[in-house]
Amino acid sequence: MPNSIRARIIIDSRQGRRSDLHSVHGLSLFIEAYDRYILFDLGPADKYLIENSERLGIPLDLLDTAVISHSHSSHAGALGGLGWVSPYLDTYIPYDTMQHLGIVAKKNGLRPIEVLDWKELWPYIYVTPPIYGPPWEHFLIIRTNKGLLVFSGCTHPGIDKVVSVLKEKFTEQTKLYGWIGGFHLSNAPRSVVAETVDKLEALGLELVVPLHCSGRVMSELLSSTSIRVVEAGVGDTIDIPI
Ligand SMILES: [Zn+2]
Ligand SMILES: [Zn+2]
């Protein structure tokens, strides 16, 4: 068993240390977990996904699957580029998007799979059922000895709904270990952000990596909790001990 899970940030609006990478509104993560390569979200356009991946030496041609968390264009905008570098890839698309994202995916040589229910991709690696925000959104869940890791695009449904879906599934293993991704709080009132941060702490999370649309207030409030917070931007690598 490997002793870490790695997430590399291909696209985020937070500028990292490297100036040769596009920093744009959106999210795309290259996740290495249990010998699988998973692309989580695609960012807003082909150019950013392809050029940033090339510059980071990320092998999109070796992907095992892609998971598109929800239909917003900042997460689902690079189906053409993905199909070009990784044809025939199983690509999990949001519930009720077969008629648009599904068709675009097919036209670009990908194999779209609509998320309808829990799906165990491989041992320890799952996609949740669609959870309503709006829009419908699903989450990538990785089970580890330390608990569950949640990868989120925007968390439009809010953390409560997500956690209740997890509790239904993982009755014995409900400890939440880490949450990595967007929380959609950049324009939220401070009180709402504080409420979310309190909930994350009460859930016993050990690690939070706020990305994309999480906002500065969230980072500020997280820093005064007991949670380990990793501030990261485009081009950064996050190694999560498991
Ligand atoms: Zn968002
Ligand atoms: Zn969104």
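I began with the sheet: seven strands form an open sheet in the order E7-E8-E11-E12-E13-E14-E15, with mixed pairing. Strand E7 (119-122) and strand E15 (228-229) stand at the edges with a single partner strand each, so one side of each has no neighbour in the sheet. I took strands (E, at least two residues) and helices (H or I, at least four) as DSSP runs numbered from the N terminus, and counted two strands as paired if DSSP finds at least two bridges between them.

I noted that this is a predicted model, in which local features need pLDDT of at least 70 and side-chain atom pairs count only at pLDDT 80 or more, while totals for chains, interfaces and linings use all residues. Residues are numbered from 1 along each chain as its sequence is written, and chains are lettered from A and ligands numbered from 1 in the order in which they are written.

I next looked up one pair within the sheet. Strand E12 (residues 147-152) pairs with strand E13 (residues 176-182) in the parallel sense, over five bridges. Phe151 stands opposite Ile180 in E13.

I then turned to helix H4 (residues 98-107), where Leu101, Gly102 and Ala105 are buried (20 or more other C-beta atoms within 10 Å of a residue's own; exposed means 12 or fewer, partly exposed in between, with C-beta atoms placed from the backbone). Seen down the axis of H4, the buried residues fall within an arc of 95 degrees, taken from the directions from the helix axis to the C-beta atoms, so they line one face of the helix. Gln99, His100 and Lys107 are exposed on the other side of H4. I recorded that Gly109, which follows H4, has a positive phi, near 80 degrees.
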